[in-house]
Amino acid sequence: MLDVKEQRQHLSELGIRLKSLRLARNDTMAVFAQRLGVSAGTLRAMEHGTATVQIGAWVKALWVLDHLDDLSGVLAQKASLLEQARAPRTRIRQRASRRA
C-alpha cells in the first residue's frame with residue numbers, strides 16, 4: 001500500500017515537472033495560471049505537489065502543455081496473463097510480398 005510519504009514524493013515530482021515545463025515555455029506564474037483558468041495560488045500548490053488540488057486543474061495543465069495524451073494510459077484496462085495466453089496470435093509480416 002502506498003503510504004503518505006510516497007504519495008507526497010510522487011506529487012512533489014509531478015509539481016517539479018510542471019514547473020519545469022512552465023519555465024521552458026517562459027511563462028510567468030500569473031500568465032500560466034490564467035491559461036489554466038486557476039488562481040496563482042492553485043498553480044503554486046500544483047508546483048509544490050499539494051494533494052488537495054482538483055484533478056480538473058491537472059487535466060487543464062496537461063492540455064495547455066500538449067501532454068493530454070499522457071493521461072490516456074492512466075487506469076487503462078490491462079489484460080490478465082490468462083487473457084494474453086488465450087488471445088489469438090497474429091503473425092507479423094517480416095517482408096513485403098514479391099508481387100510488383
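A salt bridge here is a side-chain nitrogen of Lys or Arg within 4 Å of a carboxyl oxygen of Asp or Glu. The model is predicted, so local features need pLDDT of at least 70 and side-chain atom pairs pLDDT 80 or more, while totals for chains, interfaces and linings use all residues. Residues are numbered from 1 along each chain as its sequence is written, and side-chain values use heavy atoms, without hydrogens or water.

Select Arg25, Asp27 and Arg35, which are linked in a network of salt bridges. Aspartate 27 meets arginine 25 at 3.2 Å, N to O, and arginine 35 at 2.6 Å. Aspartate 27 is buried at 8% relative accessibility (buried is under 20% relative accessible area, exposed over 50%, partly exposed in between; 1.4 Å probe, protein chains only). Arginine 25, at 35%, is partly exposed, and so is arginine 35, at 43%.

Next, select Glu47 and Arg22, whose closest N and O atoms are 2.6 Å apart in a salt bridge. Glutamate 47 is in helix α3 and arginine 22 in helix α1 (residues 4–24), 25 residues apart (helices are DSSP runs of H or I, at least four residues, numbered from the N terminus). Both are buried: glutamate 47 at 8%, arginine 22 at 5%.

Now select Phe32. Leaving aside neighbours within four places in sequence, phenylalanine 32 is in contact (heavy atoms within 4.5 Å) with Leu18, Arg22, Arg25, Asp27, Leu43, Val64 and Leu65.

Finish at tryptophan 63 in helix α4. Tryptophan 63 counts as exposed, with 60% relative accessibility.

Methods. Helices (H or I, at least four residues) and strands (E, at least two) are DSSP runs, numbered from the N terminus.
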